[in-house]
Amino acid sequence: MSSKFKTVLPEFSSVPGREEDRFVYERVVNSIISLIRDEKYEIGRKLPPIRDLAEQFDCNFHTVRKAVQLLCNDGILEKRSRLGNFVRRNTSHLVGKPQAKVQIVSMRKIGILLCPGPTEFSTPLLMELERAATAMEIQLELQSAANWDKAVEVVEDMKKTGCRAAVLTADRNNLNVKEVHRLFDRSPIPLVVGDLIAGYERFCYEPPEIYGRWYSRNSMLFQCGYFYELGYKAIAYLRRSAFSGSSKDKYGYYREFMEATDHLPILDQFVDDDSGRFSRILKEWEPFRGNLAVICEDDVEAMRLVIAASKNGWTLPEEMAVMGFNNFAFGRYVDPPLTTIQFPYDYLAKRLLVRALELSSGQTEWSAAELPAPEVVLRESCGGRRRLPEDRLRNLVTERLKAKIFPGE
């Protein structure tokens, strides 16, 4: 427990004139909270048996059982079958509060709805949501829905279990606008999303004026600037034909950079599931072989390109440098390992939860946020280490292009 809480915040027992006004089970609830806060019961530790607690608190064991159940419902305690009750998380945010403690915890219970289920994007996001929730002392309830009809039922269940808002994670390329609108209209609790949905802009994690654009733009301008600084004469952008972004998507920012540097925005290719399409694209790129850099919409397209290039006799990164986007885990296993941009999952997770808390309390305005710089996972596919010494390459990224090296890479 941080000493900050012990020195700045008042002891629970010092709240005057209230203890005698409470029901006995409320006194027990607050006593247990106080013991956890003061580290008498540490996180992960098993509590004494119910009857021992009843003796300790000088009350009936049924009263203790009710108090423990309330704390389990609110995520402070966890009941493990045949093992007993264990402390689940810190209670420092409750220090100095009178009895509405149990209600305060409930206000911090947020649902996470996966529809239709985990994806390459949502899996790392879920990990960051869990980390952010722990830091913010929010209890999460994770559920998935096989379809949009089922999603309505899931959100209704979340409401019954005490969730005051929910975060919707869905594959943007599979969003059914009509069904999403129906879900928003029928949801009994606010739903926060990582996309800007027309007519439901208030549920986006960021205000419309900055939504996504700051990161898409900064990332694309970094990628273009990186290859430009390394001296590549031809810089291409490769994206899927099924892309469904805004009118000012990443390709727009790619054109913005190319025009600003007097380069033609060349080699804009659209790739579908036709594997032969890559061979045809590589044939068109033959005149640029040896001085070509390719920015891909995401890591999936980048890895498909790396594999296709190898099959067609190209040597990477000597004849073509490649950079992806999103840092999917398997990017490190292609040959050469894929340089990519780390999506800011930590930022997105925190902002989703912050927005959920805002909406659950009736706040409509977005709180201010510090926007992170692009983070780069430097591996071999981008050709940087072949064109610059390691220290100059890292200086180029961090100082000149104002990005960060993703830690651990």
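Biologist: Is phenylalanine 184 buried or exposed?
Modeller: In this predicted model, phenylalanine 184 counts as buried, because its relative accessibility is 7%, which is under the 20% cut-off for that class.

Biologist: How many aromatic pairs does the structure hold?
Modeller: The structure holds 19 aromatic pairs. One of them joins phenylalanine 184 and tyrosine 200, whose ring centres are 5.0 Å apart and whose planes meet at 25°, so the pair is stacked. Phenylalanine 184 belongs to helix α8 (residues 177-186), whereas tyrosine 200 is in the loop between β6 (191-193) and α9 (213-229), so that this pair links distant parts of the chain, 16 residues apart. Tyrosine 200 is buried as well, with a relative accessible area of 13%.

Biologist: And tyrosine 215 with phenylalanine 343, why is that pair edge-to-face?
Modeller: Because the planes of the two rings, tyrosine 215 and phenylalanine 343, stand at 70°, and over 60 degrees counts as edge-to-face; their centres are 6.0 Å apart. Here the link covers 128 residues, from tyrosine 215 in helix α9 to phenylalanine 343 in the loop between β11 (340-342) and α13 (345-360). Both tyrosine 215 and phenylalanine 343 are buried.

Biologist: Which residues do ring pairs link into a cluster?
Modeller: The cluster consists of Tyr205, Tyr211, Trp214, Tyr215, Phe325, Phe343, Tyr345 and Tyr347.

Biologist: Changing topic to helix α6, which of its residues are buried?
Modeller: The buried residues of α6 are Ser122, Leu125, Leu129, Ala132, Ala133 and Met136, and because they fall within an arc of 100° when seen down the axis, they line one face of the helix. In general, an α-helix has 3.6 residues a turn, so residues three or four places apart point the same way.

Biologist: What covers the buried residues, and what is on the face turned away?
Modeller: The cover includes β3 (109-114), β4 (139-144), β5 (165-169) and α13, while the face turned away from the buried side carries Thr134 and Ala135, which are exposed.

Biologist: What span should α6 have?
Modeller: Its 15 residues (122-136) should span 21 Å at 1.5 Å a residue, and the end C-alpha atoms are 20 Å apart, which agrees. Just after α6, glutamate 137 takes a positive phi of about 55°.

How values were computed: Residues are numbered from 1 along each chain as its sequence is written. This is a predicted model: local features need pLDDT of at least 70, side-chain atom pairs count only at pLDDT 80 or more; totals for chains, interfaces and linings use all residues. Side-chain values use heavy atoms; hydrogens and water are left out. Rings of Phe, Tyr and Trp (its six-membered ring) pair if their centres lie within 6.5 Å; planes under 30 degrees apart count as stacked, over 60 as edge-to-face and the rest as tilted. Helices (H or I, at least four residues) and strands (E, at least two) are DSSP runs, numbered from the N terminus. Buried means under 20% relative accessible area, exposed over 50%, partly exposed in between (1.4 Å probe, protein chains only). The expected span of a helix is 1.5 Å times one less than its number of residues. The arc is that of the directions from the helix axis to the C-beta atoms. Contact means heavy atoms within 4.5 Å.
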